[in-house]
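Morning, everyone. I'd like to take a few minutes on charged pairs. Here is the model.

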Amino acid sequence: MKSRFLNIVLVCALGFIAYSCDKGYEYEAAKAEQITGNKNDVTIDPNCIRKIEADGSDIQVLITRTNAAEVTTVPLSLADSTGIFSLKSESVTFEAGEDSVYALVGCSYDDMVTDVLYDFELSINDDALVSAYGIKTIAFSCKKAWKKLGKVQFYEDWFFGYIWEKELIQSPDGQPIYRLLLPFTQSDIEEAEFDFVSETPYLEFSINEDNTVTIPDEFELGFIFSGYNCYFLGPKKSTISLDPSIVDDNLILINWFPGLYSGGRLAASWGQASSALISLPGGPDLEMLLGE
């Protein structure tokens, strides 16, 4: 009797399973917002750079969310015991369709001390917007770097004869020492049909109290001409007398000597000096000055 009863139960169970399969039942995994109970899931990007070289410009911190359907405003707070850093805005807003925005942190660059490491923390100031898997607070360390001065015009008359826009930075200790970043890029070199070797990261120069400009004794240009490595040489290395490089009304005139190197030494030259111009912020427009 017991055996017959079990058989009936088994048949009924199998029939229910078959009925369920006939109905086409499919398992659907819970969505992220169902798991967390939060439809936005805002977080500070865990991959953002946390060791920062401060150059005087705003520090950008990426904030993301999982659902971009609605407008969402995210309140922020910043912890900094030094008073060097501050939020440019105490909130960021995701517009509908946006899944990422940047929080901007300003810094008092001139108040920073060279070689001192500064720390601050940025936080999302609303627990309801951050899931258990998100990052609400993140710590940053910051060091004073070369100051970003912006774009300047650069012209070189021997190999190229073009006017370019380049980045200029200044020594973090405030001295009048400057670097013109990537004076000759790979694309600059290849467009002029020279044989590219490498990009020289910067041209460093200093402005003296008498308005003369000190340039490097040797400056490798990063390309080959007629089988030789191309250089510009300063007064100490030039085989001819050079007029001093000077600055006047935010316009720098550089006088140097184009030389061809082989085996690490000067092997050939044209025996003539050449010049370059750098128009500093507030300086003249080189296109107008040169009639380009």
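First, the term. A salt bridge here is a side-chain nitrogen of Lys or Arg within 4 Å of a carboxyl oxygen of Asp or Glu. Now the ground rules. This is a predicted model, where local features need pLDDT of at least 70, side-chain atom pairs count only at pLDDT 80 or more, and totals for chains, interfaces and linings use all residues. Residues are numbered from 1 along each chain as its sequence is written, and side-chain values use heavy atoms, with hydrogens and water left out.

How many salt bridges does this rule give? Eight. I'll take three of them.

Start with Asp 127 and Lys 136. Their closest N and O atoms are 2.5 Å apart. Is Asp 127 buried or exposed? Buried means under 20% relative accessible area, exposed over 50%, partly exposed in between, with a 1.4 Å probe and protein chains only. Asp 127 is exposed, at 54%. Lys 136 is partly exposed, at 32%.

Next, Asp 188 and Lys 166. Here the closest N and O atoms are 2.9 Å apart. This pair links distant parts of the chain: Asp 188 is in helix α3 (residues 186-191), Lys 166 in strand β11 (residues 163-170), and 22 residues separate them. Helices (H or I, at least four residues) and strands (E, at least two) are DSSP runs, numbered from the N terminus. Asp 188 is buried, at 8%. Lys 166 is buried too, at 6%.

Last, Asp 110 and Lys 147, with closest N and O atoms 3.6 Å apart. Asp 110 sits in the loop between β7 (100-107) and β8 (117-124), and Lys 147 in strand β10 (residues 147-156), so the bridge ties together parts 37 residues apart in sequence. Asp 110 is exposed, at 61%. Lys 147 is partly exposed, at 26%.
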